[in-house]
Each structure stands twice: as C-alpha cells, then as structure tokens.
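Trainee: I am new to this structure and would like to go through it step by step, with questions as we go.

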Amino acid sequence: MHTGDSLSGQNEVRRHASMDSSSIPSTGRSHKDIKYALTEKGCWECTSHHNRSGYPKIWINGQRESVHRYVYRLYKGDIPKGMIIRHTCDNMKCINPAHLLLGTHGDNVRDRVERHRGAIGEHNGRHKLTETQVKEILCDITTSKMALARKYGVTPKNIRNIKQHKRWRYVR
Ligand SMILES: [Zn+2]
C-alpha cells in the first residue's frame, strides 16, 4: 500500500479528494471522516469504518448505510430505488468512486457466478451445484446456511464459500 497521488482518472474525484488524498471529510455532524488507504490496484480501502462481515458501514442521519453507497452518492449522485452499487474491483472495502458502478442485483449475481465459473463444486465430487443453483443461493438472503446446505445437498461451509465468493477447486 502507498498513499501516492496516482488517484485514478476522474477530475471530479480528484477535485473532491484534493484536500487530502486519503480521507473524505465529514459533510456534517452525522459521521466521522471517512479514511482510506490507497492500494496498488487503485482501491480506496476504507480504514475508518469497519464491518466484520461485509461492506464497511456508516451512520448517516440515524441510518446505517454501506460506506461505498454513501461515497457513490457523494461523488456520482443518487442511487435509484432498487439499484445497487457494484464494485468493478471486487474489493468489499473499496470506496473509490471510480470503482463503483450502478447495477442491479442480477448484475451482481451474474458477476459472482462468472467469477465462479468452472470453480463450482465440492471437493469430493459427489455433489455439484449448477450455475442456476449458485445463483439461487446467492439471491437467497433469508434462508439459513444450514437450510440451504440441506436443500442443495452440500455442506454449510460450501454455502458459506459461495456467499463469500471464495474460489475452490474445480470439480468436473
Ligand atoms: Zn477498488
């Protein structure tokens, strides 16, 4: 990691970030400054806000929101209802507006499925999930991992790996 000035593209971003290349000042009393570290890939990894199980979160006007969504709104504008913000870099901690894209949940699932293509299955080869099943698992945010594991005949760990988009050995 370094904190050089190689902030990617976008004049808009540079203008906003010109005061301090590693923090986004608070826009009010609602939150502390967002600090980040610039990675070699150009990601702004949020260092001031944390969330053990996913996207860093921030309190804005009494509501908890993902930092990357907040940053997107700050730099790029409103997020239409039902739309999500995707990371082109697949780095959950990244809040670089240049790496954030507006998309649908379907886009996100497709991204993840594509990343998993050819890497879907269980080590012992007894069970193999189809792409459709992986999509279903990714879309299903209400069913527990245990229940999903039972439903698809894989282990809860497999389900967790899919949810956390870890790659695992290809089972043909
Ligand atoms: Zn990034």
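Trainee: Which residue of β3 stands opposite Ala37?

Mentor: This is a predicted model, and in it β2 and β3 run antiparallel, with three bridges joining them. Ala37 belongs to the uncovered face of strand β2, and the residue standing opposite Ala37 in β3 is Glu45.

Trainee: Which residue in the turn between β2 and β3 has a positive phi?

Mentor: The two strands form a hairpin, and five residues lie between them. In that turn a positive phi of about 90° is found at Gly42.

Trainee: Why do the residues of a strand such as β2 fall into two sets, and which of them make up the covered face?

Mentor: In a regular strand the side chains alternate between the two faces of the sheet. In β2, which spans residues 34-38, Lys35 and Ala37 are on the uncovered face. The covered face is made up of Ile34, Tyr36 and Leu38.

Trainee: Where in the protein chain is confidence lowest, and where is it highest?

Mentor: The chain averages a pLDDT of 76, with 73% of the residues scoring at least 70. Confidence is lowest in helix α1, residues 11-17, at a mean of 44, whereas the highest value, 94, belongs to strand β3, residues 44-46. Over residues 1-20 the pLDDT is below 50, although this stretch has 25 contacts in the model beyond near neighbours in sequence.

Note on methods. Residues are numbered from 1 along each chain as its sequence is written. This is a predicted model: local features need pLDDT of at least 70, side-chain atom pairs count only at pLDDT 80 or more; totals for chains, interfaces and linings use all residues. pLDDT is the predictor's confidence in each residue, from 0 to 100. Helices (H or I, at least four residues) and strands (E, at least two) are DSSP runs, numbered from the N terminus. Two residues are in contact if their C-beta atoms, placed from the backbone, lie within 7 Å. A residue is buried if 20 or more other C-beta atoms lie within 10 Å of its own, exposed if 12 or fewer, and partly exposed in between; C-beta atoms are placed from the backbone. Two strands pair if DSSP finds at least two bridges between them.
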